[in-house]
Amino acid sequence: MTTTAPRTERGTHRQQREHVAALHAELTRYGLVTWTSGNVSERVPGEDLFVIKGSGVSYDELTWEGITVCDLDGAVVDGVKKPSSDTDAHAYVYRTMPEVNGQVHTHSPYATAWAARAEPIPCVLTAMADEFGGPIPVGPFALIGDDSIGQGIVATLSGSRSPAVLMQNHGVFTIGPSARAAVKAAVMTEDVARTVHLSRQLGEPLPIAQADVDSLYARYQNVYGQ
């Protein structure tokens, strides 16, 4: 599938591209990415389009022009930057899961260490019950370059309460009702991955009863906050 960028920049969806460009600062702020790896994307409301970080664009230099507009087949619609190498995966998720409006991919170190072992992160923290509604699952190994990763994300998260998946030997992918929500899920994934890892150095973490997980998840999703 070709994603060759057009020669000119028409500046469409500039406000949303500015918003998504700014969200990438949260990835560096929380230490979720290194060099130019990782990306944020967001569906364009009311259109069969999404915006995504350009491939290999430095975070320090990222502006709205570093965010490319693509259709739901992953083809470039506007922007001079070649889109992320994960574009086909993002496109597949948007085509298949209409409730998803934002996605994030990182190689954050603690969470990716769990992915390297193909081990789900068990739900042993109330913060995990709140945010993920259970363990963070592992998706299948898939090569970059087509929509295979997207297929693995959808297969693993369909029917799951978790907004995050650890793709085996790869890293973290998160989904959400907005790009900001997906960024939050990525931040929380790394946070709990680190805490559960530290707990295991002391002994075996204690699981939380399923009824309590359900209660915590319902409260956090429906009562917590303003």
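Visitor: Where is the place of valine 187?
Guide: In this predicted model, valine 187 has its place in helix H6.

Visitor: Is valine 187 buried or exposed?
Guide: Valine 187 counts as buried because its relative accessibility is 16%, and buried means under 20%.

Visitor: What is valine 187 in contact with, leaving aside its neighbours within four places in sequence?
Guide: Valine 187 is then in contact with Tyr30 and Leu32.

Visitor: Turning to H1 and H6, at what angle do they pack?
Guide: Helix H1, residues 14–29, packs with H6 at an angle of about 5°, and their axes are 10 Å apart. The two helices are therefore roughly parallel to each other.

Visitor: Which residues meet there, in H1 and in H6?
Guide: From H1 come Leu23, Glu26 and Leu27, which meet Ala179, Arg180 and Val183 of H6. By class, this contact has 4 nonpolar and 2 charged residues, and no polar ones.

Visitor: New topic: how many residues has helix H7?
Guide: H7 has 13 residues, 210–222, and reaches 18 Å from its first C-alpha to its last, close to the expected 18 Å.

Visitor: Which residues in H7 are buried?
Guide: Val213, Tyr217 and Tyr220 are buried in H7. They lie on the same side of H7 because they cover an arc of only 70° around the axis. In an α-helix, residues three or four places apart point the same way, as there are 3.6 residues a turn.

Visitor: What covers the buried residues of H7?
Guide: The cover includes helix H4 (126–132) and helix H6 (179–202).

Visitor: Which exposed residues does the face turned away carry?
Guide: That face of H7 carries Ala211 and Asn222.

Terms used. Residues are numbered from 1 along each chain as its sequence is written. This is a predicted model: local features need pLDDT of at least 70, side-chain atom pairs count only at pLDDT 80 or more; totals for chains, interfaces and linings use all residues. Side-chain values use heavy atoms; hydrogens and water are left out. Helices (H or I, at least four residues) and strands (E, at least two) are DSSP runs, numbered from the N terminus. The expected span of a helix is 1.5 Å times one less than its number of residues. Buried means under 20% relative accessible area, exposed over 50%, partly exposed in between (1.4 Å probe, protein chains only). The arc is that of the directions from the helix axis to the C-beta atoms. Contact means heavy atoms within 4.5 Å. Axes are lines fitted to C-alpha atoms, for helices over the stretch in contact, and angles run from 0 to 180 degrees between N-to-C directions. Angles under 35 degrees count as roughly parallel, over 145 as roughly antiparallel, 65 to 115 as roughly perpendicular and the rest as oblique. Ala, Val, Leu, Ile, Met, Phe, Trp, Tyr, Cys and Pro count as nonpolar, Asp, Glu, Lys and Arg as charged, and the others, Gly among them, as polar.
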